[in-house]
Amino acid sequence: MPAYKLSYFPIKGIAEAHFFPVIFVSRLLFVLAGEEFEDDQVPFDQWTVVKPTCPFLQLPLLTVDGRPIPQSFAIARYLASEFGFGGQTAFEAAWVDALADQWKDYFVEIKPYLGVANGFLKTGDVDQLRKEVGEPVRDKHFALLEKAAQDNGANGFFVGRSLTWVDLLVADHISVFEQHVPGFFDDFPAVRRIQKTVQAEPRLKQYLEQRSETYF
Amino acid sequence: MPEYRLHYINMRGLAECARQLFVLSGTPYEDIRHDPQEWMGQLKAVSAFNRLPFLDIDDKVLPQSTAINRYLAKQFGFAGKTPFDEARVDALADQFKDYWADLVPFTYAMYSKEKDPETFEQKKNEVAIPARDKLFHILEKEYKANGSTGFLIGDSLTWVDLLISDHMDVLEGLVPGFFDDFPGMMNLKKTVTSMAKLKEWLDKRPQTKY
């Protein structure tokens, strides 16, 4: 088996975790696959030294037997494919990608509300931002995610009949989000079912329960 | 052979990479260019994600340009030769997407260049040039580290070569010499655009500025 190293900035607590969702998807994939990895949290005061060694001058970075892969979605997709959570056919894999990209579009737009709702950003009127940003952005994008989940049979997976990395991505995101804004995704029952499927996954259950203490 | 129908508008934009993948692989497809008004009116309601582009494959549909590009590239052998190379291609494409997001204030000015040349100049200097330098510094490094094969990853064309090359062509049309400081990327563009099947397409495709 290859030697995996996942490098990223230290994340303390739920507020920061929100802004680096794909780190958690990668970690969940390692847990699901029962694979070890080096958990390389780079302290901020080390960044000037570490930065030039990163191909895209950014974190996160996955290193596989010493060879780097930057960009969080490239990392998640690579690990998912290697471990069997990338989709069962080429077409399914493409739909996983499309849904993940749709979520990414949503995430970029909702950040101004999300940051204030979870205390990461210190200024902003959380109620006003919820009305003007949070709800419209959520409704616009999650309508599409919900439709995809419904079209797939509302079976607890976005694509096909088994877990893929986009199930992990969205489920983890809404679990964390709703610790600050309970019920925010109540209007999306098929997506909710996906969240429940991920939470009940035997290989993840123990890890997720332990994690809820510190979010780490 | 599946029947492919690519839906977009009359622009290169987010569909050009997919078109070029069909052309390079010699795969027939229907290059559908919707009228924007008609799109807003009728078609939006029936497409998968209410937006363009999307790809019809027989009776199935796939939205999101990056997912489409990657899917077609994999089908036709332009995704990278190993899983690791595929991941490197994905990473470059995502980095390009981030760059494209950085460019947003400039792209608005770009579409109204004729009407408001001053804002165009201003956004070019404040937005486009720093964004370009940040990305293309990385691309030059990747290109050199790849042994100057003429491509960004491996020794043959991948879909990210097409993305970068077409983007360079669009911007050079607006700002001649915009990428002159990046000899590796200039070479990449030359290599890509001189491939026989692609050259033919570039001459005969509907000529649009972007």
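Which residue of chain A does B:Lys97 meet in a salt bridge? The partner is A:Asp101, and the two side chains come to 3.3 Å, N to O.

This is a predicted model. Its scores are ipTM 0.92 and pTM 0.94. Chain B has a mean pLDDT of 94, with 97% of its residues at 70 or more.

**The interface**

The size of an interface is often given as the accessible area lost when the parts come together. Here chain A and chain B bury about 2700 Å² between them. Carbon and sulfur atoms account for 60% of that area. Three residues stand out on chain A: A:Phe56, A:Phe91 and A:Leu144. Together they supply 23% of the area that chain A buries against chain B, more than any other three residues.

The contact draws 28 residues from chain A and 30 residues from chain B. Across it run four salt bridges. The pair of B:Lys97 and A:Asp101 joins the two chains in this way. Polar contacts between chain A and chain B number ten residue pairs, with both residues at pLDDT 80 or more.

Which elements of chain A give two or more residues to the side that touches chain B? They are β4 (67-70), α4 (72-83), α5 (90-117) and α6 (126-151). Helix α5(A) gives the most, with eleven residues. By residue type, this side of chain A divides into 16 nonpolar, four polar and eight charged.

**Salt bridges within the chains**

Side chains of opposite charge can pair when their charged atoms come close. Over all chains, the whole structure holds 32 salt bridges.

| Salt bridge | N to O distance |
|---|---|
| A:Arg77 and A:Asp97 | 2.8 Å |
| A:Arg192 and A:Glu178 | 2.8 Å |
| B:Lys74 and B:Glu86 | 3.8 Å |

Take the salt bridge of A:Arg77 and A:Asp97 to begin with. The pair links distant parts of chain A: A:Arg77 is in helix α4 and A:Asp97 in helix α5, 20 residues apart. Is A:Arg77 buried or exposed? A:Arg77 counts as buried because its relative accessibility is 6%, under the 20% cut-off. A:Asp97 is also buried, with a relative accessible area of 5%.

Next comes the salt bridge of A:Arg192 and A:Glu178. A:Arg192 sits in helix α8 (residues 189-200) of chain A, and A:Glu178 in helix α7 (residues 165-180). The two are 14 residues apart, and the pair links distant parts of the chain. Both A:Arg192 and A:Glu178 are buried.

In chain B, B:Lys74 pairs with B:Glu86. B:Lys74 lies in helix α3 (residues 65-76) and B:Glu86 in helix α4 (residues 83-102), so the pair ties together parts that are twelve residues apart in sequence. B:Lys74 is partly exposed, at a relative accessible area of 38%. B:Glu86 is partly exposed too, at 24%.

Chain B also holds a network built from salt bridges that share partners. Its members are B:Arg12, B:Glu16, B:Arg19, B:Asp31, B:Arg33, B:Asp166, B:Asp169, B:Glu172, B:Lys189 and B:Arg205.

**An exposed loop residue**

Where is B:Asp59 found? B:Asp59 is in the loop between β3 (54-57) and β4 (60-63) of chain B. B:Asp59 counts as exposed because its relative accessibility is 74%, over the 50% cut-off. B:Asp59 and B:Glu3 are 56 residues apart in sequence. In space, their C-alpha atoms are 8.8 Å apart.

Definitions and conventions
Residues are numbered from 1 along each chain as its sequence is written. Chains are lettered from A and ligands numbered from 1 in the order in which they are written. Side-chain values use heavy atoms; hydrogens and water are left out. Contact means heavy atoms within 4.5 Å. Buried area is the accessible area (1.4 Å probe) that two parts lose on being put together, summed over both. A polar contact is a pair of N or O atoms within 3.5 Å; within protein, one must be able to donate a hydrogen and the other to accept it, and residues adjacent in sequence count only if both atoms are side-chain atoms. Helices (H or I, at least four residues) and strands (E, at least two) are DSSP runs, numbered from the N terminus. Ala, Val, Leu, Ile, Met, Phe, Trp, Tyr, Cys and Pro count as nonpolar, Asp, Glu, Lys and Arg as charged, and the others, Gly among them, as polar. pLDDT is the predictor's confidence in each residue, from 0 to 100. Buried means under 20% relative accessible area, exposed over 50%, partly exposed in between (1.4 Å probe, protein chains only).
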